[in-house]
Amino acid sequence: MFKQSLMPLGAVLTLTVAAFFFLLLSGPPRTATEELLVSTAVDHAVEQIRLPLPPDSKVFVDTQYFDTDGVVQPKYTIAAVHDQLLRQGAHLVGERKDADVVVEMRSGAQSIDYSTFLVGIPSFPLPIPFTGTLTFPEIAFFKISRQTGVSKLALTGYSQKEGALTASTGPQYGESQRKAVMILFVSWTDSNLLPPKKPDDAAQ
């Protein structure tokens, strides 16, 4: 006779809770807005890079001194530098020995700063006897919250054979902004993270 074994209810609940916390903990470490803040700051820094190399130079990009500790999007930054060098006529090679010029990358900063200005009552914990602690909600008559993405990059090029300086960009800085404003119960945001929307054909 066939017998169907059912999982106990307690085990089902345990697995459900475990799956919930796994999904919660394995979610993206940063929001899309935070990633856009960093990548936009990188774009603005890379746009300023001008590395005057000899025409048709074979270039190897050395990233060993590009500090990835604390850098939010290192691969995006490296690819953006590749793109900029190619636009300026460099011929990228995958091996140092094949290069005429070695270009070293370095990063001085790449992260997000946060600041808030509030006119009102900030949120604070309120002890309740025999109950615990209740969080009193924030009451904002006027509030400005700013997120600023910052990137500092520099490139140095030198002869692969002789080791002599070929070109140097010096530090290049990029910045991005997102501002959220609240006046009483009305709020809006302003940023330079996305390009302006093009008008519809019907509106032209």
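Now select L155. Leaving aside neighbours within four places in sequence, L155 is in contact with I49, L51, V81, L85, V103, E104, M105, R106, A167, S168, T169 and G170.

Before moving on, some housekeeping. This is a predicted model, where local features need pLDDT of at least 70 and side-chain atom pairs count only at pLDDT 80 or more, while totals for chains, interfaces and linings use all residues. Residues are numbered from 1 along each chain as its sequence is written, and side-chain values use heavy atoms, with hydrogens and water left out.

**Stop 1: the core**

Colour V46, V59, V81, L85, V103, M105 and L155, which have the most contacts inside the largest nonpolar core, a set of 24 residues. A nonpolar core here is a set of buried Ala, Val, Leu, Ile, Met, Phe, Trp, Tyr and Cys residues joined through side-chain atoms within 4.5 Å. Buried means under 20% relative accessible area, exposed over 50%, and partly exposed in between (1.4 Å probe, protein chains only). Which elements give two or more residues to this core? They are α2, β1 (58–62), α3, β3 and β6. The biggest giver is α2, with 5 residues. Helices (H or I, at least four residues) and strands (E, at least two) are DSSP runs, numbered from the N terminus.

**Stop 2: helix α2**

Next, select residues 32–47. Buried along α2 are E34, L37, V38, S39, T40, A41, V42, A45 and V46. Show α3 (74–87), β3 (101–121), β6 (139–159) and β8 (172–183) too: these are among what covers those buried residues.

**Stop 3: the aromatic pairs**

There are 2 aromatic pairs to find. Rings of Phe, Tyr and Trp (its six-membered ring) pair if their centres lie within 6.5 Å; planes under 30 degrees apart count as stacked, over 60 as edge-to-face and the rest as tilted. Select F117 and F142: with centres 6.2 Å apart and planes at 70 degrees, they are edge-to-face. F117 sits in strand β3 and F142 in strand β6, 25 residues apart. Then pick F124 and F136, a stacked pair at 4.9 Å centre to centre, with 20 degrees between the planes.

Notes:
Contact means heavy atoms within 4.5 Å.
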